Amino acid sequence: MDVLLDESNRQAYLSGFTWILLLTLVSAVFSLVLGVILAAMRVSPIPVLRWAGSMWVQLFRNTPLTLIIFFCYFGLFSTLGFKVSNNITVNNFWLGVVGLSVYTAAFVCEAIRAGINSVPAGQAEAARAIGLTFSQSLTMIVLPQAIRTTIAPLGSTLIALCKNTTIVGTIGVIEASTVMKDLINSNGDAVIEVFIMFAGTFAVVLIPTGYLFNWMSRRWAVKT
Amino acid sequence: MTGQPLIRLENVDKHYGALHVLQDINLEIPQGQVVVLLGPSGSGKSTLCRTINRLESIDSGTIYFDGTPIPAEGKQLAHLRSEVGMVFQSFNLFAHKTILENVMLGPQKVLKEKKSDVEPRARLLLERVGVQAQADKYPSQLSGGQQQRVAIARALAMEPKAMLFDEPTSALDPEMVGEVLDVMTSLARDGMTMIVVTHEMGFARHAADRVIFMADGQIIEDAEPDQFFTNPGTDRAKDFLSRILTH
Ligand SMILES: Nc1ncnc2c1ncn2[C@@H]1O[C@H](COP(=O)(O)OP(=O)(O)OP(=O)(O)O)[C@@H](O)[C@H]1O
Ligand SMILES: [Mg+2]
């Protein structure tokens, strides 16, 4: 691991994974919120909302993420002038967050909707029968029971999101995969080492994340 | 007898695609009456029951509850539903809530009552249906008969003006049918307005004020229980009774 003994390489490694972490966390929050809203739309009694939710899912789930990120950069930023910061890296970060969030929200929505469908229809019917509104029945009766079956697929979605953040490297955020490429370019004799170091870092974080989500879904399962 | 019926259906029609499930239904149910709905499978009993709290919509006609047409949606519909209790064949207790929470949820979230006001009432209701000892358990820990009695308590907690029962004992083991029917009989005696879809002829004979017999989406008999069981007016009803009473 000689490569990392070099102070500036170590800085680059840390900063690369800091971007990965930030992109993952911020996008996870946005895509969770957006995904819940989309799922609510898809099961709502209002046809136009159901249609809009389903269009969103179809559109973003079937478009390669790279294209979406490029669109955020060339479309939102270069053409439409979307700008949240004068710092170009920070602005690219937010463009990446937008792209990752709209894309990941489609998967979050489908995970939640599958969870909602796993709750027997009689639960929502009984909720309506005592006079709960649609949103009360969704938030108090259906979603709490849907979480059980949703938590494991949400874990997979989070893991996929984390790996997908490396695509934001293509629009100028020096995240881990970009750092790795640079280190390989400048340390041709240590390709395997560098690769193992970066891939290993992902694995060391993501494998326990997977176990954590499985554990949570089992814990919640005993509640009912 | 007060002037207006509590529930009134006027020329109600409903289709499922090509199937005409409710055909020009006209029906008046006065306050305090206990009506048993009978009829062969697929005759539209559940559908009729469910239109009254609008779990099913209708194509044409009007349903009045307590003098006003039932609203199509929104807050007013939620309010109507809070005045009409419903008990399902499959209990449908909220699986992630305790028994006590099941009973308290409606009054707290729909009627906006304070927890401290609701809890004593909820415990009293659980006592009335004989499951007070199970208050802190989850529905899956109770027997079917106990769950159905909780479901009745949950509906009663809303202090409804009428109660709908759609085959409340059909999913129960035979030895648990009696305990649920007992609760229903005592409700009937206390003057609750009830519409009950059931195959329990004993309940129909002894607790009902009126029997309505449906076939193919129509009401074809409407009589007092005694008259219906001893002297049915149509061949369809005779046929139905001969088949059900031989079991
Ligand atoms: N959601 C639906 N979509 C299409 N057809 C339906 C639907 N619900 C009920 N039906 C049909 O409508 C008819 C009446 O159904 P309903 O459930 O009211 O009958 P029922 O008298 O309650 O019968 P059962 O004694 O079997 O419960 C049946 O033929 C049924 O198949
Ligand atoms: Mg039925």
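Buried area is the accessible area that two parts lose on being put together, summed over both. By that definition, chain A and chain B bury about 1,800 Å² between them. The model is predicted.

**Interface of chain A and chain B**

- Of the buried area between chain A and chain B, 63% lies on carbon and sulfur atoms.
- Chain A brings 18 residues to the contact, and chain B brings 25 residues.
- One salt bridge is counted between the two chains.
- That salt bridge joins A:Glu125 to B:Arg50. Their closest N and O atoms are 2.7 Å apart.

**The side of chain A that touches chain B**

- Two elements of chain A, α5 (121-129) and α6 (134-164), each give two or more residues to this side.
- The largest share comes from α5(A), with seven residues.
- By class, this side of chain A has eight nonpolar, seven polar and three charged residues.

**Shell around ligand 1**

- The residues around ligand 1 include a run from B:Pro40 through B:Ser41, B:Gly42, B:Ser43, B:Gly44, B:Lys45 and B:Ser46 to B:Thr47.
- B:Tyr16, B:Leu19, B:Val21 and B:Glu167 are also among the residues around the ligand.
- In chain B, β2 (19-29) and α1 (45-51) each supply at least two residues of this shell.
- The largest share, three residues, comes from α1(B).
- The shell divides into four nonpolar, six polar and two charged residues.

- The side chain of B:Lys45 places an N or O atom 2.8 Å from an oxygen atom of ligand 1.
- B:Gly44 has a backbone N or O atom 3.0 Å from an oxygen atom of the ligand.
- For B:Ser43, a backbone N or O atom lies 3.2 Å from an oxygen atom of ligand 1.
- On its own, ligand 1 has 640 Å² of accessible area, and the protein covers 58% of that area.

Conventions: Residues are numbered from 1 along each chain as its sequence is written. Chains are lettered from A and ligands numbered from 1 in the order in which they are written. This is a predicted model: local features need pLDDT of at least 70, side-chain atom pairs count only at pLDDT 80 or more; totals for chains, interfaces and linings use all residues. Side-chain values use heavy atoms; hydrogens and water are left out. A residue is near a molecule or strand if one of its heavy atoms lies within 4 Å of it. A polar contact is a pair of N or O atoms within 3.5 Å; within protein, one must be able to donate a hydrogen and the other to accept it, and residues adjacent in sequence count only if both atoms are side-chain atoms. Accessible areas come from the Shrake-Rupley method with a 1.4 Å probe; for residues, only the protein chains shown count as cover. Helices (H or I, at least four residues) and strands (E, at least two) are DSSP runs, numbered from the N terminus. Ala, Val, Leu, Ile, Met, Phe, Trp, Tyr, Cys and Pro count as nonpolar, Asp, Glu, Lys and Arg as charged, and the others, Gly among them, as polar. Contact means heavy atoms within 4.5 Å. Buried area is the accessible area (1.4 Å probe) that two parts lose on being put together, summed over both. A salt bridge is a side-chain nitrogen of Lys or Arg within 4 Å of a carboxyl oxygen of Asp or Glu.
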